[in-house]
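Subject: Handing over the structure

Hello,

Here is the structure I promised to pass on to you. Please have it open while you read, and my notes on what turned up in it follow below.

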Amino acid sequence: MQFHHHGYISTDPRVKSAAGVGLDRPDELPDTMDVMIVGSGPAGMTTAATLSSYQDVHTRLVERRDGRLVLGQADGIQARSVETFDYFGFADEITNEAYWLTEMNFWNPDEENPENIVRTSRTLDDPTGISEFKHLIVNQARVLDYFAEFAENSPTRLKPDYGYEFVSQTIDEDQEYPIEVTLKLTAGPQEGETRTVRTKYLVGSEGAHSPVRKSIGRTPIGDKSDHAWGVMDVLIESDFPDIRTKCAIQSNDGGSILLIPREGGYLVRFYVDLGDVDPNDAGAVRKTPLEEIIRTANNILHPYTVEVKDVAWWSVYEVGHRVTDKFDNVDEDEEHEKNPRIFVTGDACHTHSAKAGQGMNVSIQDGFNLGWKIGQVLSGYSDPSLLHTYSGERQEVAQNLIDFDKKWSSLMAAKPEDLPSKNYVAEFYEKTFEFPAGFMTEYKPSVLTTDTTHQDLAKGYEIGKRFKSTKVSRVSDTNPLQLGHLHEADGRWRIYVFGDDKAPNDAANKANTFGEWLGTNANSPVIKYTREGEDINSVFDVKVIYQQPKEEVELMETPQIYRPVVGPFQITDLNQVFATLADDSIYEDREISSDGAIVVVRPDGYISTVQPLDATEAIAELFDGIFTQQN
């Protein structure tokens, strides 16, 4: 974190100075706004937090509850989500209060005594070391608290507007604020009354029964399996030896359990298999009493027992797998004629089982993906046609999730005799770990993502996938640190310049040649799209990583773009120049060519392109397709 460049501060540096709409933000919901988000779940709160960094974008988040979420149902936080939390500055804090998943154990019927279960395998939660971030278990309510804190501390001072429920919307494109939204007050002295406001964009993040989704005629497509599960968060006494380790438990004839320890050291979540359901039962299984779920859990765990002391929360649900036909209000055959105004995110556009722990995680990425795009459009940096890429990118991700979850949830519900081997579930878990960890998302070529022509220059930075961190040495202070951990959720694009094998002070060093072009040429995106009077790093965060060790880099001889002058006092930022570590080379770890490479990363952390160091025309062309002229 960098600060003091606007003057000395002695308070929490995470609390940014109010700016833009944050200077006179009305406490009460106004009559007009730029963006209205409906629903303060993971998707809605992430969208709001992302937009909160865009100083001139007035965003309001309405929620029908009268206050913050107290008891969240989702709790699994995959490594990609923790990586995202790091962008928002709270990865360390939430990791410290969470339960860490480091191992998953598998239990199956004892071959000699089938009515008993025995541990058959232990599997590392991250068997290939895919991420430096933890796999966490923590209450959804705490995740929302952290996003809310980030939003309130941002320049726009964004806070949720509680006590409003979405009723309906109409669009009139001739208006400055085209969408008229009718809301019903759900709390306070005016409870039950309705109110009409206007907005430029509307985001529905209010769950599987989303009224916003219904208002634009979008339909969830998929099926519901005829299988039910009981879930409970409980304080217990038990002689089961792995009660504080994540477990997949399959009994001989009593069904299965997914056991997940919760944060705090005592609470445990049980997903208890309640068996097949008559498709004509009209939801009767949802009335299964808590006592029946506990009894079933004890049958599955035999010879071990569980005595429930207290119940924090419990429910019964049937597995459903559905993806909404489109994630915005523009039909595919109309995309060339009009741009979207209304979007759906999270459970409003995809539903699945809880077994893979993906609901909150995928929803967070929906919100991050959409938030920066709306922010960039409303800030005047991009044409509204950019917003077509939200549905184009996230719908495929949702479908891949459904396909994976169908397989995983069916394995969890399978009888041991129906599986190829007793260790089949454990083997599947280990083999497919990268997907539930959140690292398989790969956006296809579009206006935001190029083809893979030059992928060989940096094989470890796959175009369309997220930027994976590795340690480097910062030249200015010699500190070894994770390069990706310097990425902030501030709406900026990242341009990482990986130098060639020429010495940093060699006139033929291509990283320096590219840096001179980037900082001075009229065709450079930094020159074209940084507004007059703004800091040179306000839109593009440019970092150079030389192939040589820090001792061979003369900081003050590097191009000026790598040492940007910033803030009202015009102070040089010396923190953007890096070198390799002798025992942990980023060039080896990420298979970067000795010829060097340019890696361009979007505001949400996904790689747009990999290019040679002399590909100035290609870099200019990429950004010309995304940005609108500023100067």
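Let me start with Thr 156, which counts as buried because its relative accessibility is 1%; buried means under 20% relative accessible area, exposed over 50%, and partly exposed in between, with a 1.4 Å probe and protein chains only. Before going further, please note that this is a predicted model, in which local features need pLDDT of at least 70 and side-chain atom pairs count only at pLDDT 80 or more, while totals for chains, interfaces and linings use all residues. Residues are numbered from 1 along each chain as its sequence is written, and side-chain values use heavy atoms, with hydrogens and water left out.

**Around Thr 156**

You will find Thr 156 in the loop between H4 and strand S8 (160-162). Helices (H or I, at least four residues) and strands (E, at least two) are DSSP runs, numbered from the N terminus. What does Thr 156 touch, not counting residues up to four places away in sequence? The list is Ala 19, Val 21, Gly 22, Arg 25, Ser 52, Tyr 54, Gln 55 and Val 57, where a contact means heavy atoms within 4.5 Å. With Ser 52 there is also a polar contact: a polar atom of the Thr 156 side chain lies 2.6 Å from the backbone oxygen of Ser 52. Such a contact is a pair of N or O atoms within 3.5 Å; within protein, one must be able to donate a hydrogen and the other to accept it, and residues adjacent in sequence count only if both atoms are side-chain atoms.

Arg 157 sits in the loop between H4 and S8 too. Arg 157 has a positive phi of about 55° although it is not a glycine, and with a relative accessible area of 24% it is partly exposed.

**Other backbone features**

His 4, in the segment before strand S1 (32-38), is a residue other than glycine with a positive phi, near 80°. His 4 is partly exposed, at a relative accessible area of 35%.

There is a cis peptide bond between His 302 and Pro 303, with omega about 15°. Pro 303 belongs to the loop between H6 and strand S16 (306-324).

**Two helices**

Helix H6 (residues 290-301) has 12 residues, which should span 16 Å at 1.5 Å a residue, and its end C-alpha atoms are 17 Å apart, which agrees. The expected span is 1.5 Å times one less than the number of residues. Among the buried residues of H6 are Leu 290, Ile 293, Ile 294, Ala 297 and Leu 301.

Helix H7 (residues 359-378) reaches 29 Å from its first C-alpha to its last, close to the 28 Å expected for its 20 residues. H7 is mostly covered, with 18 of its 20 residues buried. Just after H7, Gly 380 takes a positive phi of about 85°.

**The nonpolar cores**

The largest nonpolar core has 103 residues, and Phe 540, Tyr 562 and Phe 623 have the most contacts inside it. A nonpolar core is a set of buried Ala, Val, Leu, Ile, Met, Phe, Trp, Tyr and Cys residues joined through side-chain atoms within 4.5 Å. Helix H4 (residues 140-153) gives the most to this core, with 8 residues. Apart from it lies another core, of 22 residues, including Ile 117, Cys 247, Val 268 and Ile 300.

Tyr 562 touches, not counting residues up to four places away in sequence, a group that includes Val 497, Phe 514, Val 542, Tyr 546 and Val 577.

An open sheet of 7 strands runs in the order S20-S19-S25-S22-S21-S26-S27, with mixed pairing. Its edge strands, each pairing on one side only, are strand S20 (480-482) and strand S27 (607-611). Two strands pair if DSSP finds at least two bridges between them. Within this sheet, strand S22 (residues 540-549) and strand S25 (residues 577-580) pair in the parallel sense over 3 bridges, and Pro 549 has Thr 580 in S25 as its bridge partner.

The order S3-S7-S4 describes an open sheet of 3 strands with antiparallel pairing. S4 and strand S7 (residues 135-137) pair over 3 bridges, with Leu 101 opposite His 135 in S7.

Best wishes
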